Amino acid sequence: MTEQGIGAAIARREDRRFVTGQGHYTDDINRMGQTYAVFVRSPHAHAIINSISMDAAKGMPGVRDIFIGKDLADGGVGPLICGWAITDVNGEPHKAPPHPALAMGKVRHVGDPVAVVIADTQHQAMDAAAKVDVDYSVLDAAADLATAQGSNVQIHEEAPGNLCYEWEIGDKAAIDAAFDSAAHVTELEFLNNRLVPNAMEPRACVAEYDGGTGDYTLYLTSQNPHVHRLVMSAFNGLAPEHKLRVVAPDVGGGFGSKIFVYAEEVVLTWACRHVGRPIKWTAERSESFVTDAHGRDHVTKAELALDADGLFLAMRVNTMANMGAYLSTFASAVPTYLYATLLAGQYTTGGIYANVKAVFTNTVPVDAYRGAGRPEAAYVVERLVEAAAAETGRDPADLRKRNFVQKDAFPYQTPVVMQYDCGDFHGSMEQALALIGYTGFAGRKEASRADGKLRGIGFSSYIEACGIAPSAAVGSLGAGVGLWESANIRFNPTGNVQLFTGCHSHGQGHETAYAQIVADKLGVPYEQVDVIHGDTARIPFGMGTYGSRSAAVGGSAILKAADKVIEKGKKIAAHCLEASEDDIEFSAGNFTVTGTDKAMNIAEVAFTAYVPHNYPDGVEPGLDETAFYDPLNFSFPAGTHICEVEIDPDTGAVSIEKYAAVDDFGTLINPLIVEGQIHGGIAQGVGQAVLESAVYDGDGQLVSGSYMDYTMPRADDLPHYDVGFNSVPSPLNPLGVKGCGEAGAIAAPAAVMNAVHNALRDMGVNHVEMPATPQRVWEAIQGAQGAAE
Amino acid sequence: MYNFEYKKAGSVAEAASIIGADADAKLVAGGMTYIPTLKQRLAAPTTVVDMNGLGDLAGISVAGDTVTIGAMTRHAAVACSADVAAAIPALADLAGHIGDPQVRNRGTIGGSIANNDPAADYPAGLVGLGATVKTNRREVGADDFFIDMFETALEQDEIVTSVSFPKPVKAAYMKFPNPASRYAITGVFVAQAHDGVRVAVTGAGPCVFRVAAMEAALSSNWSADAVADISVSADGLNEDIHASAEYRAHLITVMAKRAVAKAG
Amino acid sequence: MTLTVSMTVNGESVSADVEPRTLLVQMLREHLGLTGTHVGCDTSQCGTCVVHVNGESLKSCTMLAVQAEGADVTTIEGVADGETLHPMQQAFHENHGLQCGFCTPGMIMSSLDLVKNNPDPSEREIREWLEGNLCRCTGYHNIVKSIDAGAKAMRS
């Protein structure tokens with residue numbers, strides 16, 4: 001490790017522009033002649049559109065034009081798509097009803113856009129939008145996941161009974177038989193609460209069309225600008241790929257919600273040509289709540305069969321997953337291949353069967369949100385294991401250790417598709433026990449009791465699949481895209497380097513971490529490496545950032561491009577140093593002739609490549625190498641998180657007192673950044689466990705539609721986190737990395753809720769749903785006390 | 001936001017004449033509730049009359065056993081006032097826990113009580129201490145000032161100019177905040193006030209109210225135990241996704257106990 | 001109908017013609033090009049818009065531009081001393097107190113107001129002071145650490 005190479009905890013170079021207010025987010029961009037879009041949205045969850053009257057609005061000051069769904073359809077704009085086709089239990093494709101960018105005929109959720117007003121100022125557009133008169137016939141809504149399937153409300157003609165698909169994995173008969181032979185069966189039913197991603201930067205876009213060249217430019221809050229360009233070209237038909245430039249500048253957080261292709265982006269790109277002006281749209285937060293894809297929202301019944309020794313024989317899981325009103329871009333994959341394939345957890349469970357019903361409801365579409373399927377899976381597994389420990393009188397840490405995959409058992413094939421590459425589950429558990437001070441828990445519990453409080457401890461030994469994933473594998477499972485990544489290392493004649501990556505940084509610190517990789521691998525000073533991302537006109541085609549893939553896949557692509565640089569550099573150095581190419585060694589930025597002191601540094605080689613006066617025959621000038629890396633497998637970050645809570649029995653308030661996390665992310669490129677990723681993930685997981693919930697009423701109105709009612713985690717809700725690492729480098733990629741972006745959000749909900757249940761067990765409470773709000777905890781205590789009396 | 005005319009008030013009388021003549025003209029003080037309301041297009045005033053230039057309305061004075069706070073005094077000024085802390089520490093404590101620091105730097109006592117949000121803190125402080133609201137026309141006792149949800153005794157052209165708080169023997173405020181908005185789900189202000197024991201509850205009902213049973217119990221026995229078994233009926237209390245009426249009723253007792261203990 | 005509003009922003013006299021309904025944050029961002037002050041919500045809770053008005057931290061999304069007539073406004077762009085970061089900015093950098101950076105200007109402006117009145121805040125005081133500043137990336141851990149370090153640097 002060098003001071004600024006792989007493994008160095010250096011402060012981020014991107015910070016300066018953000019701490020001085022010089023970041024460039026999409027809403028900071030203003031184009032000459034820019035106009036503003038405001039969307040007219042459905043106030044109803046389910047309604048027929050009888051008519052849309054625009055006359056009054058069109059006469060308002062500053063109004064350029066107003067468009068409705070028919071205008072887009074007449075203009076040849078294709079509907080929004082889902083890019084992952086699930087094959088159901090009958091071998092049929094899932095139901096993917098049309099999703100027009102502006103609703104036609106019917107609206108299906110509150111916030112569904114019906115029209116767009118383009119005006120010279122934001123205020124004018126808002127004033128005019130208020131004058132667009134839409135006549136609706138309101139229909140009954142199916143807003144509740146548990147009852148939507150088979151209800152009388154038919155959301156889409158194409159999806160009878162509101163069922164998108166029923167999907168299963170595992171041999172049901174064999175699993176049923178295993179349950180029949182079990183010494184103990186633990187059974188739980190619970191919800192996985194619906195969340196709103198709430199990146200602090202609301203979504204925004206600015207679209208413009210250059211009539212002289214026929215080029216479109218779309219500035220956009222995106223985690224994956226090339227994916228946006230591909231979908232908008234190939235499916236929405238807005239412009240050929242080579243005439244559409246998508247720029248994702250500084251992006252203020254994504255957490256999955258900025259992966260997807262949304263209506264507003266499609267509408268503005270189409271409309272800017274018709275209006276003849278650039279158009280800007282920026283979501284208001286209340287608009288974000290009813291348009292950004294939500295996350296989670298499962299109803300699950302889960303069972304774990306144990307033998308008399310406490311070994312896990314089998315698991316059986318039935319889940320209903322909410323898709324919302326339409327299928328979002330990757331919605332269908334989340335509760336299937338990103339969920340059920342992780343139900344083995346860290347354990348040697350003999351067999352697993354999972355059945356998933358994906359259901360349409362009159363709610364905002366649901367798609368990937370930090371963790372995407374894996375938090376739901378970890379919650380199922382870890383709640384079951386903790387409950388099984390309590391029911392069978394075993395220490396929860398011991399029961400886990402008894403069932404962990406052993407360190408020497410890798411590669412380990414689970415019953416549900418995945419083959420784990422490596423890990424040290426026992427080691428992480430032991431380290432986490434030490435970090436939380438497990439042996440001192442009884443004393444802390446007693447101290448809390450003396451203070452009138454209930455203290456509980458909870459574990460979560462999670463595993464996840466990251467670095468998504470081999471293209472052929474995901475293609476066979478229904479993905480519409482390949483999931484490789486690209487990197488282009490461009491040396492300039494003076495020896496400094498520009499790295500162009502297909503991944504996108506929206507908080508993850510790529511500009512620092514990727515420069516560390518290049519500096520480390522090529523021996524170029526860190527300061528002389530710049531990282532460029534987010535602009536389809538500058539970077540090679542890339543798949544973007546999500547699924548904790550930027551290090552494992554994007555980082556590996558960088559390494560591969562660096563290898564190509566070294567390979568070419570050796571040819572040039574061999575020629576200049578009058579040696580055989582086979583005798584050239586490369587180390588720390590120097591090409592050396594083996595066994596001699598003859599050497600040439602990489603900057604000299606780069607200069608020679610661009611000023612090839614003395615140059616090898618048959619070698620092209622220039623030092624500019626691009627690589628595409630397709631991973632061999634997922635990577636499998638895993639770890640143990642332990643949480644301690646204190647509950648005030650009088651109010652039901654839950655306080656997070658201690659939180660210890662020990663994770664195996666393989667090689668750490670920049671530990672400072674990795675710790676930050678863990679902190680943020682834990683906060684979102686704690687948020688899910690005790691604070692956050694998207695609540696719909698029976699009419700399909702989002703009751704928690706602003707920060708007045710949707711509880712965002714605040715600084716005083718959260719504890720100091722104790723973070724440790726137990727790194728086992730992955731053998732599957734050249735960096736040995738596994739991915740760290742989602743782990744906290746995956747691990748934390750179960751750790752916190754297991755602690756809550758542990759604390760409440762003495763009160764006779766055995767079930768509280770997430771989020772464990774004060775009222776909910778108080779009611780659970782009241783219920784248990786009432787039952788006991 | 002709908003557009004409106006903006007008028008910076010030069011005097012209370014001028015502001016009163018504008019809102020007296022036009023029912024759709026509205027005063028803005030700190031604007032901590034009103035500007036968000038405007039942003040969400042939940043109000044469409046003809047004229048917004050800005051009270052922020054009226055320096056005479058801001059300030060804290062202590063005379064004898066009375067603390068008088070001008071209507072345009074910011075929450076932060078009350079929270080940080082050595083005079084308030086010395087005379088009525090519970091009031092400084094209450095003001096120091098309204099909203100967040102930026103709200104406290106801008107929000108005013110006059111604006112808060114004139115708005116009478118059912119989850120606001122100040123109404124509990126005023127009623128709990130038996131304060132007097134002074135307007136451009138008269139003086140109104142706190143018990144008579146708060147009428148109902150977002151409704152006060154203020155006439156159309158009546159403007160709060162100050163609030164006078166008699167110094168209590170002892171007092172304290174405890175609130176259980178809404179986890180999302182941090183407004184009071186239930187806040188209870190208890191005091192051995194100038195005219196006897198007062199227990200005022202905010203957040204739980206449509207409007208601040210007193211709990212006679214608790215006041216009677218505390219009058220004879222000032223201790224947390226005295227209110228521990230006194231429950232308030234859930235009938236008519238507020239309900240939302242964060243707290244049922246029953247839960248709010250329960251919290252009244254818990255917060256009352258804790259407030260009494262805190263008051264000492 | 002527009003009104004001409006004049007104020008001092010980061011030490012410079014500025015003025016703009018705005019509608020009465022124009023918020024201070026809109027004037028800063030759209031009329032003055034000071035885009036370091038952000039808008040992250042419409043209910044005055046997220047704190048990405050915090051600036052200093054006459055020395056106190058306020059939410060510029062909850063104040064009309066006309067109300068800042070004659071005021072002395074400081075935004076995040078006015079915090080550093082030329083190219084030298086303010087100790088609080090430096091502390092956020094060194095302690096990885098930011099990720100996506102969107103909440104950061106508001107966090108820094110808010111924390112400067114905290115330290116002005118409380119030069120040596122405890123961890124609990126820092127966490128409670130941040131009630132009006134939301135961050136979705138950092139889990140607050142390193143923000144708290146940054147403010148603690150920034151306050152320490154400002155004391156010395």
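Reader: Which side chain of chain A meets B:Arg258 in a salt bridge?

Author: This model is predicted. A salt bridge requires a side-chain nitrogen of Lys or Arg within 4 Å of a carboxyl oxygen of Asp or Glu. The N to O distance here is 3.4 Å, and the partner of B:Arg258 is A:Asp650.

Reader: How many salt bridges does the rule find across the interface of chain B and chain A?

Author: The pair of B:Arg258 and A:Asp650 has been described as a salt bridge. Across the interface of chain B and chain A, the number found by the rule is five.

Reader: Which helix gives the largest share of the side of chain B that touches chain A?

Author: The contact takes 21 residues from chain B and 23 residues from chain A. By class, the chain B side has eleven nonpolar, five polar and five charged residues. Eight residues on this side come from one element of chain B, spanning residues 245–263, and that largest share belongs to helix H12.

Reader: What is the area buried between chain B and chain A?

Author: The size of an interface is often given as the accessible area lost when the parts come together. Carbon and sulfur atoms give 52% of the area buried between chain B and chain A, and the total is about 1,800 Å².

Reader: Why is the pair of A:Phe190 and A:Tyr379 edge-to-face rather than stacked?

Author: A pair of aromatic rings is described by the distance of the centres and the angle of the planes. The centres of A:Phe190 and A:Tyr379 are 5.2 Å apart. Planes over 60 degrees apart count as edge-to-face. The planes of A:Phe190 and A:Tyr379 stand at 80°, so the pair is edge-to-face.

Reader: How many residues apart are A:Phe190 and A:Tyr379?

Author: A:Phe190 is buried at a relative accessible area of 4%, and A:Tyr379 is buried at 1%. A:Phe190 belongs to strand E8 of chain A and A:Tyr379 to helix H10 of chain A. The pair links distant parts of the chain, and the separation is 189 residues.

Reader: Is A:Tyr438, which pairs with A:Phe459, buried or partly exposed?

Author: The rings of A:Tyr438 and A:Phe459 are edge-to-face, with 5.4 Å from centre to centre and 85° between the planes. A:Phe459 has a relative accessible area of 0% and is buried. Buried means under 20%. A:Tyr438 has 23% relative accessibility, so A:Tyr438 counts as partly exposed.

How values were computed:
Residues are numbered from 1 along each chain as its sequence is written. Chains are lettered from A and ligands numbered from 1 in the order in which they are written. This is a predicted model: local features need pLDDT of at least 70, side-chain atom pairs count only at pLDDT 80 or more; totals for chains, interfaces and linings use all residues. Side-chain values use heavy atoms; hydrogens and water are left out. Contact means heavy atoms within 4.5 Å. Buried area is the accessible area (1.4 Å probe) that two parts lose on being put together, summed over both. Helices (H or I, at least four residues) and strands (E, at least two) are DSSP runs, numbered from the N terminus. Ala, Val, Leu, Ile, Met, Phe, Trp, Tyr, Cys and Pro count as nonpolar, Asp, Glu, Lys and Arg as charged, and the others, Gly among them, as polar. Rings of Phe, Tyr and Trp (its six-membered ring) pair if their centres lie within 6.5 Å; planes under 30 degrees apart count as stacked, over 60 as edge-to-face and the rest as tilted. Buried means under 20% relative accessible area, exposed over 50%, partly exposed in between (1.4 Å probe, protein chains only).
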